[in-house]
There are 2 protein chains.
Amino acid sequence: MNAISADTILEALRWRYATKQFDPTRKIDPATWTALEDSLVLTPSSFGLQPWKFLVVNRPEIREALVAQSWNQRQVIDASHLVIFTVKSPFTSDDVREHTARSAEVRGIDVSELAGMEKMVAGFVEKPPYPLDIKEWCSRQVYLALGSFMTTAALLGIDTCPMEGINPSGYDEVLGLTGTGYFTLAACPAGYRAPTDKYATTPKVRYAKERVLNHID
Amino acid sequence: MNAISADTILEALRWRYATKQFDPTRKIDPATWTALEDSLVLTPSSFGLQPWKFLVVNRPEIREALVAQSWNQRQVIDASHLVIFTVKSPFTSDDVREHTARSAEVRGIDVSELAGMEKMVAGFVEKPPYPLDIKEWCSRQVYLALGSFMTTAALLGIDTCPMEGINPSGYDEVLGLTGTGYFTLAACPAGYRAPTDKYATTPKVRYAKERVLNHID
């Protein structure tokens with residue numbers, strides 16, 4: 001593994017910000033975009049279940065229709081690319097079975113070898129061992145993907161704008177998700193900041209480190 | 001911004017896995033660890049609210065006590081470092097006010113200039129515009145931090161093991177969180193894989209790209 005220097009990573013994380021204005025003339029080149037898609041596919045999740053679907057919306061009419069479901073935020077149409085992060089719900093033992101089958105396929109073993117693991121995971125999603133809303137638990141996994149996506153994009157020099165302030169059910173309708181078992185959680189335009197976006201130079205607001213990170217020594 | 005190559009990033013994401021055995025003799029050097037802490041502080045969150053606290057547990061007795069709350073998974077003690085991801089709850093207009101004060105401080109403006117923004121955000125957390133459990137919404141934000149942390153660590157050549165299969169209330173007790181308004185969501189040991197961890201070479205199981213990522217063209 002060729003580790004990247006800490007300074008390079010921190011520089012990228014400080015450079016990133018929630019981009020309010022994208023340059024509509026600048027497109028992410030196909031190879032870089034494919035890498036970002038691949039990074040989404042590689043996102044880790046609890047038990048590896050991947051309770052999600054990512055939608056990359058390229059069709060201009062659909063993106064225009066989504067603006068109206070996004071408090072008219074133009075990033076949805078101005079950015080080079082737009083990813084919608086959706087969660088599978090309900091998530092049941094059937095989904096665990098599909099994942100077990102996939103695991104057996106990838107690892108080249110018989111599914112029966114994974115029966116014990118499948119039973120344990122199916123038990124978890126059907127009857128969690130502690131109070132847990134499974135739809136919310138799956139939603140949290142989707143945010144792992146969103147968190148990793150923003151960081152990966154920044155390292156590639158790509159701007160993003162995580163958007164939760166959208167109308168999720170309006171998105172579901174526009175995207176044809178209604179009735180599919182997938183629900184919109186967030187949208188994330190990606191591309192390049194416009195030179196006129198004043199937020200690029202607004203100081204980043206974070207609490208002091210000692211306010212949000214404590215050591216137990 | 002010095003962008004990193006897509007190949008380098010994908011190599012790191014493919015290299016990472018949920019490490020089951022850490023090498024207890026290998027420690028992350030202080031400068032690299034500080035960078036990882038700083039990356040946590042920089043994590044983006046909805047409205048920038050940072051509804052979290054990260055605990056870095058160094059004291060061996062506490063880490064030993066957490067093993068018992070983690071289905072005896074030894075990563076909690078064997079890894080070089082251990083981060084606990086906690087969520088603030090309840091999260092109210094008081095928390096929004098604190099964040100507004102911090103924003104004014106960082107940006108060098110009067111808090112009154114942010115009154116409109118504060119009112120909007122306080123309205124959101126007190127009465128969300130669509131059905132939303134605010135504790136869960138805050139929990140999702142914490143997973144942005146966890147997702148970004150795992151990716152950042154991998155890029156630094158650091159192994160991690162996201163752990164949700166723990167007893168959250170047991171963690172809260174051991175860590176003295178009970179009654180503080182912060183609740184454990186997940187733990188993440190970080191360090192270096194042991195050469196004997198067979199999971200390092202087990203094929204990574206992900207769904208086919210077309211199963212989890214669709215284009216709307």
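Guide: A residue is buried if 20 or more other C-beta atoms lie within 10 Å of its own, exposed if 12 or fewer, and partly exposed in between, with C-beta atoms placed from the backbone. This is a predicted model, where local features need pLDDT of at least 70, side-chain atom pairs count only at pLDDT 80 or more, and totals for chains, interfaces and linings use all residues. Residues are numbered from 1 along each chain as its sequence is written, and chains are lettered from A and ligands numbered from 1 in the order in which they are written.

Visitor: Why is Asn72(B) called exposed?
Guide: Asn72(B) has 8 other C-beta atoms within 10 Å. Asn72(B) sits in the loop between helix 3 (60–67) and helix 4 (75–78) of chain B. Helices (H or I, at least four residues) and strands (E, at least two) are DSSP runs, numbered from the N terminus. The phi of Asn72(B) is near 60°, positive in a residue other than glycine.

Visitor: Why does Phe47(A) count as partly exposed?
Guide: Phe47(A) has 19 C-beta neighbours inside 10 Å. Buried would take 20 or more, and exposed 12 or fewer. Phe47(A) therefore counts as partly exposed. Its loop runs between helix 2 (30–41) and strand 1 of chain A. Phe47(A) is not a glycine, yet its phi is positive, about 55°.

Visitor: What makes strand 2 of chain A largely enclosed?
Guide: Eight of the eight residues in strand 2 (residues 81–88) are buried, so the rest of the structure largely encloses the strand. His81(A), Val83(A), Phe85(A) and Val87(A) point one way; Leu82(A), Ile84(A), Thr86(A) and Lys88(A) point the other. In a regular strand the side chains alternate between the two faces of the sheet.

Visitor: How do you know that strand 2 of chain A pairs with strand 4 of chain A?
Guide: Two strands pair if DSSP finds at least two bridges between them. Here eight bridges join strand 2 to strand 4 (residues 182–191) of chain A, and the two run antiparallel. Thr86(A) has Thr184(A) as its bridge partner. Strand 1 (residues 52–57) of chain A also runs antiparallel to strand 2 of chain A, with five bridges.

Visitor: What makes strand 5 of chain B an edge strand?
Guide: The open sheet has the order 3(A)-4(A)-2(A)-1(A)-5(B), with mixed pairing. Strand 5 (213–216) of chain B pairs on one side only, as does strand 3 (159–160) of chain A. Four bridges join strand 5 of chain B to strand 1 of chain A, in parallel. Leu55(A) stands opposite Asn214(B) there.

Visitor: What counts as contact for Leu146(B)?
Guide: Two residues are in contact if their C-beta atoms, placed from the backbone, lie within 7 Å. Beyond four places in sequence, the contacts of Leu146(B) include Leu144(A), Gly147(A) and Phe85(B).
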